[in-house]
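Me: Could you walk me through the pockets and cavities of this one?

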Amino acid sequence: MHKGYELAYQLARDELRSVADLDELCQRSGASYRRADSETIITISYLNRRYQVTVPGVAIALEDSEEEVPLVDKILILHYLLQAKGTPVSNELIGYKHVPGGTVYFRTFSQRAIKPVVRHFGEDPGRLPGAAESLGGRKVDFGDVAVTIDAFPRVPITFVLWRGDEEFPPEGNILFDSTICDYLTTDDVNSVCGIIASKLIRISKAARSSS
């Protein structure tokens, strides 16, 4: 798996190096950029943190931080920059089954991103908004509790929970703007939702242990 990530990262780096118009790329993705000597530094927001992508070397780092950026996050950042079409957010929501291949891969997606969130927050959904705050999440009016988190500037992702009762167990879902495939591939949707789910649970556990 690690070799696969390394290859994906190298291919994305090579593709970014070949982009002739970085200004257009930034306009489509909602990123900003500045020139610094012979380099261009692209700044992009990802899960409420700012990252810098230096071209042509294509190095990726957190802004004002020495923290190492995980390889999968580097890949997602590059894929978003390269795939972004600049399509305005439609505010029309779709489920995972409406993305290409979503019906086939829904079970895997659910196991990776939906069910962990339901297991952790389902009995007390009110904890979800607090956990989402550090990711830039905001409460929205779906289900019993829901939050929307901007994975990237034009990729809002909505996590929805329904409380369980004596008759039915808790349930959950993840919704996307209908333009999601103008910004991320189905594989990247899987990855970013799994990352968000893991972060939400980790933040929630840390908050509970410190209280």
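Reply: Helices (H or I, at least four residues) and strands (E, at least two) are DSSP runs, numbered from the N terminus. This is a predicted model, in which local features need pLDDT of at least 70 and side-chain atom pairs count only at pLDDT 80 or more, while totals for chains, interfaces and linings use all residues. Residues are numbered from 1 along each chain as its sequence is written, and side-chain values use heavy atoms, with hydrogens and water left out.

Me: Which element gives the most to the lining of the second largest pocket?

Reply: Helix 6 does, with 3 residues; a pocket here is an open set of points on a 1 Å grid over the protein atoms alone, where a 1.4 Å probe fits, with protein on both sides within 12 Å along at least five of seven lines, and lining residues have an atom within 4 Å of a point. Of the 15 lining residues, Arg-49, Tyr-51, Glu-67, Lys-199 and Arg-202 lie nearest the centre of the second largest pocket.

Me: And what lines the largest pocket?

Reply: The largest pocket has 13 lining residues, with Tyr-5, Arg-112, Asp-187, Asp-188 and Ser-191 nearest its centre. Helix 1 (2-17), helix 3 (71-83) and helix 6 (186-210) each give two or more residues to that lining.

Me: Switching topic, which residues line the largest cavity?

Reply: A cavity is a set of grid points where the probe fits but cannot get out, and the lining of the largest one consists of Ala-113, Ile-114, Val-117, Val-118, Phe-159, Val-160, Leu-161, Gly-172, Asn-173 and Ile-174. Helix 4 (102-121) provides the largest share of that lining, namely 4 residues.
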